[in-house]
There are 2 protein chains.
Amino acid sequence: MNSSTEIRDKRMMQRALAIAREGMTPFGCVIANGDKVVLETPNTVRVSGDPSAHAEMNAIRQLSALGKKTDGLVLYTTGEPCPMCMSAIMYAGIGEVVFAVPWQDIRRFYPQIEISAREVINKGFKEISLRGEVLKEECLALFKNLKP
Amino acid sequence: MNSSTEIRDKRMMQRALAIAREGMTPFGCVIANGDKVVLETPNTVRVSGDPSAHAEMNAIRQLSALGKKTDGLVLYTTGEPCPMCMSAIMYAGIGEVVFAVPWQDIRRFYPQIEISAREVINKGFKEISLRGEVLKEECLALFKNLKP
């Protein structure tokens, strides 16, 4: 990974973290095209009552509502995508995912389905580039502050 | 399984199959409480452009929009729930799922993430009762008729 990717990853994850904070949950998502933010979504499970309204699912739905193409898009998320979200990301055709906190750490705060994002990709029908632990400590701190 | 459960399973799956046919895809879903149908949803991925709009996901969202409790509900679906849908079903708190066509057969017609509904349940945080191959041949015939 070159340093420009590293700088961009951190910058985008800072935005995902800010969106998470605003939504009063540890989960925030940004979809970007290069340096340009396409959309930002928080987790809205509690406020909407929709148990599927994870930050990444909200992003996928918003992206399709906007009629956006997925070529070249990168999805940044504070928590490793669960199998629901990772599957939706694959169906949407997004080719690159960056997350902060691995599911093994999320499990300390929220019940998890113990299937990693990597496993969904490996058993799927499309290669997706995946990078983890970007700003992990900063994002993990939010999980600790907002623990249920 | 007693015969009244078997009769109900078949009756509800017939409805799921009818919903699938109406939606012009092989995928239809019914949520029921005993003999009472709570809601019915087709797959709307093509018509909505939302790649996450599988029949079961549509059912979960509609259920939450209606503010329905999930106690005692059974979800019937023509295709074995994919990891996206099975995870959403677990998050929603639905305790019983009945499907017709296993993912190994669906794969002949649509690309699949090779994680079974059973595996999601086994790696999850809540027991869910799962029955498969109810009206399998009838539902499979629709997959064959509508193959992409």
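1. D50(A) sits in the loop between helix 2 (45-48) and helix 3 (55-65) of chain A. Helices (H or I, at least four residues) and strands (E, at least two) are DSSP runs, numbered from the N terminus. At 10% relative accessibility, D50(A) counts as buried. Buried means under 20% relative accessible area, exposed means over 50%, and partly exposed lies in between (1.4 Å probe, protein chains only).

2. A word on the basis. This is a predicted model, where local features need pLDDT of at least 70 and side-chain atom pairs count only at pLDDT 80 or more, while totals for chains, interfaces and linings use all residues. Residues are numbered from 1 along each chain as its sequence is written, chains are lettered from A and ligands numbered from 1 in the order in which they are written, and side-chain values use heavy atoms, with hydrogens and water left out.

3. What does D50(A) touch, not counting residues up to four places away in sequence? The list is V45(A), R61(A), R61(B) and S64(B). Contact here means heavy atoms within 4.5 Å. P148(A) is 98 residues from D50(A) along the chain, and their C-alpha atoms are separated by 18 Å.

4. Next, the strands of chain B. Strand 3 (residues 73-79) and strand 4 of chain B pair in the parallel sense over five bridges. Two strands pair if DSSP finds at least two bridges between them. G79(B) has V101(B) in strand 4 of chain B as its bridge partner. From strand 3 of chain B the chain crosses through helix 4 (residues 83-92) to strand 4, and this β-α-β crossover is right-handed. Right-handed means that, with the strands pointing away from the viewer, the path from the first strand over the helix to the second runs clockwise.

5. Strand 4 of chain B also pairs with strand 5 (residues 129-131) of chain B, in the parallel sense, over three bridges. E96(B) stands opposite S129(B) in strand 5 of chain B. Strand 4 (residues 96-101) of chain B is mostly covered, with five of its six residues buried.

6. T77(B) lies in strand 3 of chain B. Is T77(B) buried or exposed? Its relative accessibility is 1%, so T77(B) counts as buried. The side chains of T77(B) and E56(B) are joined by a polar contact of 3.2 Å. A polar contact is a pair of N or O atoms within 3.5 Å; within protein, one must be able to donate a hydrogen and the other to accept it, and residues adjacent in sequence count only if both atoms are side-chain atoms. Beyond its neighbours within four places in sequence, T77(B) is in contact with residues including M13(B), C29(B), V98(B) and F99(B).

7. The rule asks for a side-chain nitrogen of Lys or Arg within 4 Å of a carboxyl oxygen of Asp or Glu. In chain A, R11(A) forms one with D35(A), the closest N and O atoms being 3.8 Å apart. R11(A) is in helix 1 (residues 3-22) and D35(A) in the loop between strand 1 (28-33) and strand 2 (36-42) of chain A, 24 residues apart.

8. In chain B, D35(B) and R11(B) meet in a salt bridge at 3.8 Å, N to O. D35(B) is exposed at 52% relative accessible area, while R11(B) is partly exposed at 38%.

9. D105(B) forms a salt bridge with R108(B), with the closest N and O atoms 3.3 Å apart. D105(B) is buried at 14%; R108(B) is exposed at 51%. In chain A, a network of salt bridges links D105(A), R108(A), E133(A) and K136(A).
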